[in-house]
Amino acid sequence: MKVIIAIAVLAVISVIALFTMSSNSVLTINPEVKTVGVTTPVTVKISNPHGVRRIGAYIEQGGARLSLTEVKTPAHRFFWRRHQAPQTLTFDAGKNKAPNLKEGDARIVVEADADDLAGHTDTTSLAVKVILAPPRVAPDDAQHYINQGGMELAVMTPGGSWSEAGVKVGQYTFRSFPLPGRPGQRFAMFAYPWDLADNLTPLVFARNLAGAEATAQFWFRLFPKKFRTRDFPIDDALISKLVNQIDPGGTLAPGPDMLSRFLKINGEMRRKNNQQLADLRFKTEEKILWNGPFLHWGKEESLFADVRNYMYQGKKVDQQVHLGFDLSDTANAPVHVANDGRVVWAADLGIYGNCVVVDHGYALQSIYGHMNRIDVKVGDMVKKNQSLGVAGATGLAGGVHVHFSMQIDGVQVNPREWWDEHWIHDRILSKLDPTLASAPKAESPVTSQPRAKAHGRRRK
Ligand SMILES: [Zn+2]
């Protein structure tokens, strides 16, 4: 009898021990989901040292619980495992999976049962908005003549359920802003970026918060451009001068071999610096700060999107694309800002040396590199022709020159268009204010084409 009692007590203690040693699951929905549409992926991470034997995902709305997915695995109740790795599960929370879902508030719930004797159920949940109405977008009916590597402006009218609208060209997207004086309409200045094939169709788009997208075509004609390829000879003297200028301490591009240090600066650092420039697009004002054509000074030594083959001891060791104009005849001369705007960068920027970036409004910005001295600071309002500082050869510059470039919404474009008063009138201002387009020839191909051809000739 005593033995039986002892065994029973032991069994009870064991079960209690098994229960108390059972564990809980930690569930995390990441990335965060705020809206659910027709189809919306949700990813949840589940951590439990014993693993889980069931995961259930639901969406709750108006007191009803709709099942989205359930994953079950064979249970380990007594001989459970330990040190199980966390797992992730991605499921669709959209109307495709839950056909009764309606527009409005809802809650995503995910449950997990621990894979041990106690099998604790743990839950995470998230409030979401269900958005099922699709976005719509209508394009303008203007003509858009676009130079490859250059810019244009399109007006669009988004409708339906939308939160974001603009222009898409290939993988690039360009934001839109409210069109002054015309409620309901928006406009986007956009590039046909230099690195895209010449057979893509730019589109206006509108997206809703749930990620559904509407697009529409507008009238356009692209003028393809041939970008120059040039050999750029580098020798040991130039390499060590440039490397020591940018990275004297050897911290950014370390190593005993000067050529590989140079290649690291010319490749990795160039990409990083171009990304830093692109990220300045959010530092913009929603109004036109510029006035008239942009200033064009200096002698053109190197053109926008020149392809440079870096030649070392007769061999090609690197190829990079030069995004901007190198303007010389500027030794110790003031660097004049090309138009009115606000300074959004005034500091060292790697290969660009001492660099100033000026915002001209609506995500249009101009860039001035390799300066010897900067005389402005971030936040300063500057007037066309005002001096930003003194030209120099800082950064990746063999001699004194100003590296000048422009960007729209973070994509660098050929600044030549902004030196041309007629282009500005025809392609930008007349679309912002149709009363300026009253002269019909401004929109005709007869006046636009010869100018575009002239650009092509100068590039050869
Ligand atoms: Zn340059």
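Predicted model: local features only at pLDDT ≥ 70, side-chain atom pairs only at ≥ 80, totals over all residues.

Residues are numbered from 1 along each chain as its sequence is written, and side-chain values use heavy atoms, with hydrogens and water left out.

**The zinc site**

- The zinc ion has His322 (NE2), Asp326 (OD) and His403 (ND1) as its protein donors, at 2.0 to 2.1 Å. Donors are N, O and S atoms within 2.8 Å of the metal (3.2 Å for Na, K and Ca), and sites may look incomplete, since water is not among the atoms.
- Along the chain, these donors are spaced as H-x3-D-x76-H.
- Asp326 in strand β23 (residues 325-328) and His403 in strand β30 (residues 402-408) are 77 residues apart, so this pair links distant parts of the chain. Helices (H or I, at least four residues) and strands (E, at least two) are DSSP runs, numbered from the N terminus.
- Asp326 and His403 are both buried. Buried means under 20% relative accessible area, exposed over 50%, and partly exposed in between (1.4 Å probe, protein chains only).

**Aromatic rings**

- The whole structure holds 17 aromatic pairs. Rings of Phe, Tyr and Trp (its six-membered ring) pair if their centres lie within 6.5 Å; planes under 30 degrees apart count as stacked, over 60 as edge-to-face and the rest as tilted.
- Phe187 and Tyr362 are an edge-to-face pair, because their ring centres are 4.7 Å apart and their planes stand at 80°. Phe187 belongs to strand β15 (residues 186-191) and Tyr362 to the loop between β26 (354-359) and β27 (364-374), so the pair ties together parts 175 residues apart in sequence.
- Phe187 is buried at 1% relative accessible area, and Tyr362 is buried at 7%.
- Trp418 and Trp423 also pair edge-to-face, because their centres are 5.2 Å apart and their planes are at 70°. Trp418 is buried at 0% relative accessible area, and Trp423 is buried at 4%.
- Trp297, Phe325, Tyr368, Phe404 and Trp419 make up one aromatic cluster.

**Strand β4 and its partners**

- Strand β4 (residues 52-61) is largely enclosed by the rest of the structure, because 9 of its 10 residues are buried.
- β4 runs antiparallel to strand β7 (residues 104-114), joined by 8 bridges, and Ala57 has Val110 as its bridge partner there. Two strands pair if DSSP finds at least two bridges between them.
- β4 also pairs with strand β5 (residues 64-72) in the antiparallel sense, over 8 bridges, with Gly56 opposite Glu70.
- In the hairpin of β4 and β5, 2 residues lie between the strands, and Gly62 in the turn has a positive phi of about 55°.

- In strand β21 (residues 306-312), 6 of the 7 residues are buried.
- β21 runs parallel to strand β19 (residues 229-233), with 5 bridges, and antiparallel to strand β22 (residues 315-322), with 7 bridges.
- Helix α2 (residues 236-246) has Ile239, Leu242, Val243 and Ile246 buried. They lie on the same side of α2, because they cover an arc of only 95° around the axis (the arc is that of the directions from the helix axis to the C-beta atoms).
- The elements covering the buried residues of α2 include α3 (258-279) and β21, where contact means heavy atoms within 4.5 Å.
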